[in-house]
Amino acid sequence: MKEHKGANSFISERQTVVTIGTFDGVHAGHRKIIERLVNSASANNLDSVVLTFFPHPRMVLQKESGLQLINTIEERKRLLEQTGIDHLVVHPFTHQFSRLTAIEFVRDILVNKLKAKKIIIGYDHRFGRNRTADINDLKQFGEDFGFEVEEISQQDVEQVAVSSTKIRNALIEGRVERANMYLNHPFTLNGTIVKGRGIGKDLGFPTANLEIAEDYKLIPKNGVYVVRTKIDGETVQGMMNIGTNPTVGGKEKTIEANFFDLDKDLYGKSLEIELLVRIRDEKKFSSVNDLQIAMKQDQAFSKQYLKDNDA
């Protein structure tokens, strides 16, 4: 997969099949569309192109919405790379770009820059200034500019019954197993391990504090989760607490993972941590001893879950 920073930097010797979207989560529904894209490109001796945008349009046009995304842009790139596409175009979404008329977007971006010979798009796709153009307009532009439009029908979309909104809601509610089912892969948190308060170590459960740079990344509901990661090429299992640690006087939200059977200095390491299942809510215990008892129970549950699910 070749990555292009905007349509202006796109280079391809062949004409293309293009699909367009934000693809947050790169979930089962997205993958169905991309599979159709890749197969169509292969059958017609064309290059497959995914055109996506960053920042997310709502982060630019509706800043007050406080939109949280399933993926950071780097996570999205890694997931899209796994789909077998030829090109990923990450176009900067700006106020100026949002003012392009439908014909300007089609002519200048899709046709002149991306060399579109075919566009595969959902039945409800809207585009152009104020999102005034729809699939019928795109088909008319196809006749005018010489490209084919393949419409993904409402029936095809509803058969998948997955949306980024459903996944976000599942994560906000702590239903990470459901989110993972929708995604068809585990939800991940990516960040750098930084020094914490050292309280976990004092309790007999040393923790790695994950710092996530991207403030738009969705963090699931506070609580304790079973997790898994790779450290120096080895799979490591553990449990993670998302919350404020109220029993020991915590105030700020932290993400702390306790990895089982691991004795390594992790400070400064970049980790991708998979969340597998949520064990319980975070709560304020009446004593530190009660907290330690709960953590031992969390650890026992986690190990049994990982064993039962061969994770």
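Two strands count as paired if DSSP finds at least two bridges between them. Helices (H or I, at least four residues) and strands (E, at least two) are DSSP runs, numbered from the N terminus. The model is predicted: local features need pLDDT of at least 70, side-chain atom pairs count only at pLDDT 80 or more, and totals for chains, interfaces and linings use all residues. Residues are numbered from 1 along each chain as its sequence is written, and side-chain values use heavy atoms, with hydrogens and water left out.

**View A. Strands β9 and β10 pair in the antiparallel sense.** Nine bridges link β9 (residues 223-231) to β10 (residues 234-243). G223 has I242 of β10 as its bridge partner. D232 lies in the loop between the two strands, β9 and β10. Its phi is positive, about 55 degrees, although D232 is not a glycine.

**View B. Six strands close into a barrel.** The order is β7-β8-β11-β10-β9-β12, with antiparallel pairing. From one strand to the next the twist averages 45 degrees. Axes here are lines fitted to C-alpha atoms, for helices over the stretch in contact, and angles run from 0 to 180 degrees between N-to-C directions. Helix α11 (residues 288-308) packs on this sheet and touches β9, β10, β11 (254-259) and β12 (270-280). Contact means heavy atoms within 4.5 Å. The direction of α11 makes about 100 degrees with that of β12. In the loop between β11 and β12 lies D261. D261 is another residue other than glycine with positive phi, near 55 degrees.

**View C. Six strands form an open sheet with parallel pairing.** The order runs β1-β4-β3-β2-β5-β6. β1 (2-4) and β6 (148-152) are the edge strands, each pairing on one side only. Neighbouring strands are turned by 20 degrees against each other on average, direction ignored. Five bridges join β2 to β3 (residues 47-54). I20 stands opposite L51 in β3. Two helices that pack on the sheet are described next. Helix α1 touches β2, β3, β5 and β6, and its direction makes about 145 degrees with that of β3. Helix α3 (residues 73-81) touches β1, β3 and β4 (87-92), and its direction makes about 165 degrees with that of β3.

**View D. F53 and F97 form a tilted aromatic pair.** Rings of Phe, Tyr and Trp (its six-membered ring) pair if their centres lie within 6.5 Å; planes under 30 degrees apart count as stacked, over 60 as edge-to-face and the rest as tilted. By this rule there are nine aromatic pairs. For F53 and F97 the rings are 5.7 Å apart centre to centre, with 45 degrees between the planes. F53 lies in strand β3 and F97 in helix α4, so the pair ties together parts 44 residues apart in sequence. A cis peptide bond joins F54 and P55, with omega about 0 degrees. P55 lies in the loop between β3 and α2.

**View E. The largest pocket has a volume of about 1,400 Å³.** On a 1 Å grid over the protein atoms alone, a pocket is an open set of points where a 1.4 Å probe fits, with protein on both sides within 12 Å along at least five of seven lines; lining residues have an atom within 4 Å of a point. Grid points are joined across faces, edges and corners, and the volume is the space filled by probe spheres set on the points. The lining has 45 residues, with I20, G21, T22, H125 and R131 nearest the centre. α1 gives the most, five residues.
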